[in-house]
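Here is a walk through one protein chain, written for someone seeing it for the first time. Have a look at the sequence and the model, then read on.

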Amino acid sequence: LADNIAELGYRQTSRRHNGYFGARILANDDDDVAVQAHLVRRGEVPGQPARVGVGVGAYAIRLDTPRENVFAIAILGTAEYDLDTEIPITLSAELGFAPSITTFDDGDNVKDLRLQAQARLSDSAAFFLGLRVLQTNTARDHRIDEGIHAGIRLAL
């Protein structure tokens with residue numbers, strides 16, 4: 001959550017395939033709505049408490065003003081680093097980019113950056129604080145989200 005935005009997400013991790021599938025829906029106070037789905041494969045960094053990954057993502061974005069729709073297929077890169085602290089903390093970065101060739105309808109491209117610090121409070125609950133910038137270019141640059149976020153993650 002942030003002052004002017006709400007996001008709800010789901011992530012299914014696959015240890016067997018060293019990756020995860022995720023989906024998110026985001027709405028802001030300008031009545032813009034973005035839906036994202038992504039599939040990421042990742043691997044451990046030898047000798048480090050870290051993981052890096054690559055994947056693909058799909059975006060469906062409805063901009064309220066002006067009324068425009070953007071659909072995109074993006075490439076994704078992820079990185080995570082675990083800090084050795086009393087409460088386990090993970091620093092993570094996720095970057096998505098859809099160039100004009102894979103962006104359709106009213107959009108020219110989509111850029112998505114997410115930086116987070118997550119504290120694992122238990123095996124099934126975590127608190128995170130982070131920065132997110134999600135923007136698409138139509139006739140002008142349109143920032144759907146830009147700012148600090150705080151939230152919780154629950155494992156079911």
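What percentage of the 156 residues in the chain do buried residues make up? The share is 37%, where buried means under 20% relative accessible area, exposed means over 50%, and partly exposed is in between (1.4 Å probe, protein chains only).

Before going further, bear in mind that this is a predicted model: local features need pLDDT of at least 70, side-chain atom pairs count only at pLDDT 80 or more, and totals for chains, interfaces and linings use all residues. Residues are numbered from 1 along each chain as its sequence is written, and side-chain values use heavy atoms, with hydrogens and water left out.

**The overall build**

The chain has 0 helices and 10 strands. Both kinds of element are DSSP runs numbered from the N terminus, with helices being H or I of at least four residues and strands being E of at least two. Read along the sequence, that gives β-β-β-β-β-β-β-β-β-β. The radius of gyration of the chain is 16 Å, close to the 15 Å that the globule rule gives for 156 residues, so the chain is as compact as a globular protein of that length. (That radius is taken over C-alpha atoms, and the rule is 2.2 Å times the number of residues to the power 0.38.) Along its principal axes, the C-alpha trace spans about 50 × 30 × 25 Å. Among contacts between residues at least 6 apart in sequence, 41% join residues at least 24 apart; a contact means heavy atoms within 4.5 Å.

**Pocket and cavity**

The search runs on a 1 Å grid over the protein atoms alone: a cavity is a set of points where a 1.4 Å probe fits but cannot get out, while a pocket is an open set with protein on both sides within 12 Å along at least five of seven lines, and lining residues have an atom within 4 Å of a point. Grid points are joined across faces, edges and corners, and a volume is the space filled by probe spheres set on the points.

The largest pocket holds about 1700 Å³ of space. It is lined by 49 residues, and the closest to its centre are R11, T13, Q118, A126 and R153. Several strands give two or more residues to this lining, among them strand 5 (68-83), strand 6 (89-98) and strand 8 (109-122). Strand 1 supplies the largest share, 8 residues. By class, the pocket lining divides into 17 nonpolar, 18 polar and 14 charged residues. Here Ala, Val, Leu, Ile, Met, Phe, Trp, Tyr, Cys and Pro count as nonpolar, Asp, Glu, Lys and Arg as charged, and the others, Gly among them, as polar.

Strand 2, strand 3 and strand 9 each give two or more residues to the cavity lining, which has 6 nonpolar, 1 polar and 3 charged residues.

E80 is found in strand 5 and is buried, with a relative accessible area of 16%. Q116 lies in strand 8 and counts as buried too, at 9% relative accessibility. Their side chains make these polar contacts (pairs of N or O atoms within 3.5 Å; within protein, one must be able to donate a hydrogen and the other to accept it, and residues adjacent in sequence count only if both atoms are side-chain atoms):

| Side chain | Partner side chain | Distance |
|---|---|---|
| E80 | R42 | 3.0 Å |
| E80 | R51 | 2.8 Å |
| Q116 | R153 | 3.0 Å |

Leaving aside neighbours within four places in sequence, E80 is in contact with residues including R11, P49 and T90. On the same terms, Q116 touches T90, L91 and S92, among others.

D84 sits in the loop between strand 5 and strand 6 and counts as exposed, at 82% relative accessibility. Its C-alpha atom is 8.8 Å from that of P49, 35 residues away along the chain.

Most residues other than glycine have a negative phi, and most peptide bonds are trans. N18, in the loop between strand 1 and strand 2, has a positive phi near 50 degrees, and it is partly exposed at 46%. D105, in strand 7 (residues 103-105), has a positive phi near 65 degrees. Finally, a cis peptide bond joins T65 and P66, with omega about -5 degrees; P66 lies in the loop between strand 4 (50-63) and strand 5.
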